[in-house]
Amino acid sequence: MLTAAEDLQLRRSALQIRRNILRLIRAGKAGHVGGALSAADLLTALYFQAMKIDPLRPDWPERDRLVVSAGHKSLVLYAALAARGYFPEDLLDTYGSLASRLPGHPDMHKLPGVEASTGALGHGLSIAGGMALGLRMSGLASRVYVVMGDGELAEGSNWEAAAAASHHRLENLVAIVDRNGLQISGLTVEVMSYEPLEERWRSFGWGVQRLDGHDFGQILKALQAVPFQPGRPSAIVADTVKSRGLSFAEGKVEYHYWKPAPEELAQAERDLDWIERSLAG
Amino acid sequence: MKRGELKDPRKTFGEALLALAERRPEIVALSADSSSGSGLSPFKKRFPERHLEFGIMEQGVIGYAAGLATTGKIPFVAAIAPFVTARPFEMVRNDLGYMRQNVKVVGRSAGLTYSDLGPTHQSIDDVALLRTIPGMVVLVPGDPVELVKAVEAAAEHVGPVYLRVGSPPIPVLYESEADCPFRIGGGITMTEGKEVTLIGTGAALPRAFEAAQTLRAEGIEVRLISLPTLKPLDRDLLCQAARETGRIVTVEEHYVAGGLGGAVAELLAQEYPVPMRMVGVNDRFPPSGPYEDVLRDNGLQPDQIAQAVREFLSAAGSKGKGRRGATRANTAGRRRSGAAR
C-alpha cells in the first residue's frame, strides 16, 4: 500500500515532470504534448518508485528497462529522465535546436537512460520482448516495461510481438497501454477499433489489469502484482486523459501536437501553479 | 574443402555458425520458421536453448533480435531472404541500423534460388535495400570458403551485418583457406588481367569464374575479382581495376539497379569513370521456371557472361566506329534475348 506521504511525493515528482514538459515545449516552440501528459503519471510511478534503476549507472546490466514504444511521447521520457537525474535539466532547453541530443523521437545513443530509438510505431514491444528474453537467458531478474499508445495498437507488428512474448513465457515483460482514447485524427476506437482491449491481450496469452492511469495507488499496486499470472507477460490497460493537467487542453484531440500561442503557454503555467498550490495544502 | 567440390551453402552456413557457437556463448540463432531450410538443424540439436523460434513473424523477429542484442547476445536471424529484408525493412533500418545493434541478418535462398516459386520468393532487391542503411555491412560470399569466413567475420564484427546466402550447391573455387584472403570490405583478385575486369559476387561468382576461364582460353586477358563485401566497397581495388583495365563488367544474381552494378558504378562515376557493363536482373519481375532456365533468361549463364564481355570489348575496341558498333551489338543482344523469352 502506498502511504499518504509517498503519494504526495509522487505527485510532486509528476508535477516536476509536467513542468519539464512545458519547458521542452517552450524551448522547441512545439511538441507532442497530449500523449506526453497522459503518460506522465505512469512514468512517474515507474521512474520514481517501481523500477530498479541507478541514474548514475545507466548501463548497469541488472537495471530494469523502460521502452517508450510510442516514440512521440519523447517529451515525457526526457522530462522524467531529467527529473530523475540522468542528465542536467538545463539540457531540456536545447529541445528543437539543430542536432539536439533530444530529437523529436528519442535516440538511445544521444542520452543516458534512453533504452531504444523509437518513433516508427509498433516497434517497441518486439524490442522490449527481446530485452526480456535476453535478460532471462543471462540469468538476470530485471524487468522490461514498455509504454504504448492506444492508437499504436493498430500496427500488426504489436500483435506479432504479443504472441511471441506469451509463447516464450516472458513473465518479466510488462506492457502498459496509455489508453487516452485519442489519436491524431479523432477518437481511437473510431479511427480503428480495438475493443474489447483487455480481451485482446488475454487472448494473446497475457495477464491483464485495467486501472486509472492517474492514480498512483492503483498503478503501484498493479506493478507490485507483476506477473499477474505465472509464466505469462503482463499488460496494464491504463485509462488516462490526454493533455492531463492543462485545463484548456484535457481530452481534446487538437492538442495531440501543440504549437502554443503565448497566452496558452501562460495559462499552462497557471494550471501547473494551481496543481502545486493544491499539493502544498 | 576441396577445389571443385559442390557444397550446399545453407548447410555450410549452419555448420560454420555451430562451430562459432561452440566458442562464443553469446551467439543465439533466431528462426522465422523453416529453420532446417536455413541449415540450423545441427545448431538446434546442439544448443536447443539458444535456438529461438518465432514462427512466420518476420517483422517481430527483427525487433526481438535488437532487444536481445542490447543484453549482449549476438543474434543471427536466418530466414528466406525477402522475408528478413524487404518484408521487415523498417525494422532492419530502425531497430538494427539506427539503433546500431549487433545483429546478423541471414537471408538465405537469396537471388533467383526460388526461380520456380516466382517473384514473391525471389530476392533480387535485398542488397539494394540494405545497402542504404548507414553502418550496415553487406556480405555476399560467392564460394563455400568465402562463406565460412564471412560467417566468422560477421560474428567478430560489432554492428549489424547482412549475410546473403543462396541455396543451390556452389563449387569451392579456392585451392585452400589460405588462398582466400577474405576480410570485410575487401575484394579478392582471383586472376590478373589487363584488358577488362570481370567482377562477380554471390552465386554469380562461379559463373563469372567459368566465363573468365573461357575468355582466357581465347586469349582475352580478363581480370577476375570476387567481391564478397558490397558494403563497404573495396575502393582501392576497384579504382585500381578501373585504372589498369579501363573496362568493368559486373555479374550478380540481383537487380543491377542498387546491386553490385549500381554500387560499383556509384563509386567509379565519382572516382575513376570507365565504361561498364552490368549483367544481372533488369527492371522487371523475372519469370518462374527451372533455376538454370531463369538464369539464362537473365543473361547469367557463363556463356552469356562471356559473350557480354566479348561484345563489350569489340564495341570499345573499334574506336570512332565503335560507338555505333556498340549500339548495334547491344540492340542485337537485347533482341536475341527478347526472342528467347
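What percentage of the 341 residues of chain B count as buried? The answer is 55%. Before I go on, please keep in mind that this is a predicted model, and every value I give is computed from it.

Let me start with chain B as a whole. Chain B contains 13 helices and 14 strands. If you put a box around its C-alpha atoms along the principal axes, that box is roughly 65 × 40 × 40 Å. For 341 residues, a compact globule would have a radius of gyration near 20 Å, and the value for chain B, 20 Å, agrees with that. Now the contacts. Take those in chain B between residues at least 6 apart in sequence: 77% of them join residues at least 24 apart.

Now chain A. Chain A has ten helices and seven strands. Its radius of gyration is 18 Å, close to the 19 Å that the globule rule gives for 281 residues, so chain A is as compact as a globular protein of that length. The C-alpha trace of chain A spans about 50 × 45 × 40 Å along its principal axes. Of its 281 residues, 52% count as buried. In chain A, too, I looked at contacts with a separation of 6 or more, and residues 24 or more positions apart account for 77% of them.

Helix 1 of chain A, residues 4-28, has 25 residues. From its first C-alpha to its last, helix 1 reaches 36 Å, close to the 36 Å expected at 1.5 Å a residue. After helix 1 of chain A comes Lys29(A), with a positive phi near 70°.

The other is helix 9 of chain A, residues 216-224. Which of its residues are buried? They are Phe216(A), Ile219(A), Ala222(A) and Leu223(A). Looking down the axis of helix 9 of chain A, these buried residues fall within an arc of 135°, so they line one face of the helix. What covers them includes helix 1, helix 3 (40-50), strand 6 (207-212) and strand 7 (234-239) of chain A.

Last, the two chains together. How many residues of chain B are in contact with chain A? There are 21 of them, and they meet 20 residues of chain A. On the chain B side, helix 3 (60-70) and helix 5 (89-98) of chain B each supply at least two residues. The largest share, eight residues, comes from helix 3 of chain B. By class, the side of chain B that touches chain A has nine nonpolar, eight polar and four charged residues.

That is all I have for today.

Conventions: Residues numbered from 1 in each chain as written. Chains lettered and ligands numbered in written order. Predicted model: local features only at pLDDT ≥ 70, side-chain atom pairs only at ≥ 80, totals over all residues. Helix = DSSP H or I, 4+ residues; strand = E, 2+ residues; numbered from the N terminus. Rg over C-alpha atoms; globule rule 2.2 N^0.38 Å. Buried ≥ 20, exposed ≤ 12 C-beta atoms within 10 Å, placed from the backbone. Contact = placed C-beta atoms within 7 Å. Nonpolar A, V, L, I, M, F, W, Y, C, P; charged D, E, K, R; others polar. Expected span 1.5 Å × (residues − 1). Arc of directions from axis to C-beta.
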